[in-house]
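Visitor: Could we look through this structure together? I am new to the subject.

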Amino acid sequence: MSKIMKVSRRTLLSGAAGAATLAVTPRLFSPAIAQNAPLKVGLMLPYTGTFAKLGQFIDNGFELYYQQKGLKLGGREVQFIKVDDESKPEAATDNMNRLVGREKVDVVVGTVHSGVAMAMVKVARDTKTMLIIPNAGANDATGALCAPNVFRTSFSNWQSTYPAGKVMFDAGIKNVVTITWRYTAGAEMISAFSENFTKSGGKIVEDLTLPFPEVEFQALITRIATLKPDAVFSFFAGGGAVKFVKDYAAAGLNKTIPLYGAGFLTDGTIPAQGEAANGIKTTLHYADNLDNPANLAFLKAFKAKTGLDGDIYAVQGYDAAALFDIGLNAVGGDAKAQDKMIAAMGAAKIDSPRGPLSFNKAHNPIQNIYLREVRNGRNELVSIAQAAVDDPARGCKLA
C-alpha cells in the first residue's frame, strides 16, 4: 500500500526565518523493509529564485540514481522531504533544524548557495547529522569547519578556479581584471584564481565586485572597457551569469577582451545566453562532451527522465546519491551505523560521469579540472587544466 508523507506549509514556515517548502514526493513503500520504515532524505535546495534551475537539476540527478537502483538506496526505500532554501542564509539554520529535529531525516543533501551551506554545516556538526553538499563550494565546509559526517560531491571554490591561473598565464595573458558577486563563493573563487595567476607571473589590474544577487553590470563593464586588460576572469552563476554574459557581449567586449571564468558562468546557462556565450573559456570538473562510458550513459538516462540535457549540477546530485548508496550498502542499510558508513564513503572511488572521483581526508572530492570552451551550444573539452586536483583543506583537523 502507498504511504504519502506530507509537510504542511504552515509547519515549515513557522518561525521568523522559515522558507517555502515544496510538496514532498510521494513514494510507494513495502511494509517489509529492513528497518520497518523508509530512509528519510532531506533535500534542501533552491527551488525558486536565482539558483532555481540549479537546484532542480541537482534534485533530478539524485532521483535519477535512486530510480536506477529500483527506488532504493542501500536496499532501503526512501522518503524525500524537500525544502526550498531560496538561497537565503538567514533562513538556513531554521530550515536545517526542522529537517534534523522535527523530520528526523537520516541525511540532508544541499545546497547551492555557499552562505546557506555554511549554516547547514554548523547544524550538521552540532547534531552529527549526515550532510552531503552537492554544489556549494565554500572552502571552510571541507576546510576549517570540516567534520567526519560532512561530505561534498561537488568542489571547493579553491579547487575549481586555481588551475585557471596557470592556464591563462601560459596562454600569454599577463594582465587580468576580475569580476564577481561580493559573497563567499565569489571571493574564494577569485582568490584561488589570483593565487595561481600571480604566482605564475601575472598581474591583477583590478578586482570588481557587486552585491549578491544584483545584476546591474553596466558600470562595471564600462570600467573594464576603460582598463583594457588582456582578459577578464569572472564568477557568476544562474540568472546572474546569463545577464552578465549577454551584457558583456552587448557592449562588444567579447570581440576585444576574452572572457574567462569559473565553469558556472556557462553551465546550465548557455541556452539562455545564446550566441553571447560563444568562445568563453572556463575551468570546471566537467565538460558536456566528456567521452567516457559513465558520462554517455548518464546523459542518455537524464535526457530520457527529464527531456533536458544533463549538466554538472545534475552530475553532482547523481554522485551525491551514489556516495550515500555506497555508505548505506556498507552497513546493510542501517543509517544509524554512522562510523562504518562514513569510513566506506571516505574510501569510495566512483566512476563518475565527470571522470574518476575519490575523496580526501577532509571529504572533499579529488577530481580532474577541465578547460572548456563554449562551442555549438555546449561546454566542450579543450584539455585537462589539472589532473586529480586535491584541495589543500586549510584548517581541517581531519586532513
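Guide: We begin with a term: buried means under 20% relative accessible area, exposed over 50%, and partly exposed in between, with a 1.4 Å probe and protein chains only. This is a predicted model, in which local features need pLDDT of at least 70, side-chain atom pairs count only at pLDDT 80 or more, and totals for chains, interfaces and linings use all residues. Residues are numbered from 1 along each chain as its sequence is written, and side-chain values use heavy atoms, without hydrogens and water.

Visitor: Is Gly-395 buried or exposed?

Guide: Gly-395 counts as exposed, because its relative accessibility is 53%. Gly-395 is found in the segment after strand E16 (378–390); helices (H or I, at least four residues) and strands (E, at least two) are DSSP runs, numbered from the N terminus.

Visitor: What is Gly-395 in contact with, leaving aside neighbours within four places in sequence?

Guide: Gly-395 is in contact with Gly-143 and Ala-144, where contact means heavy atoms within 4.5 Å. Thr-142 is 253 residues from Gly-395 in sequence, and their C-alpha atoms are 8.8 Å apart.

Visitor: Changing topic, which domains does the assignment give?

Guide: The assignment gives domain 1 (37–154 + 287–362) and domain 2 (156–282); such bounds come from an automatic or database domain assignment. The centres of domain 1 and domain 2, taken over C-alpha atoms, are separated by 28 Å. In domain 1, 14 residues are in contact with 17 residues of domain 2.

Visitor: Which residues touch the most other members in the largest nonpolar core?

Guide: They are Val-41, Ile-224, Phe-236, Phe-244 and Phe-264, in a core of 82 residues. Helix H11 (residues 312–330) supplies the largest share of this core, eleven residues. A nonpolar core is a set of buried Ala, Val, Leu, Ile, Met, Phe, Trp, Tyr and Cys residues joined through side-chain atoms within 4.5 Å.

Visitor: How many residues of helix H5 are buried?

Guide: Twelve of the 14 residues in H5 (residues 157–170) are buried, among them Trp-158, Tyr-162 and Phe-169. After H5 comes Gly-172, with a positive phi near 95°.
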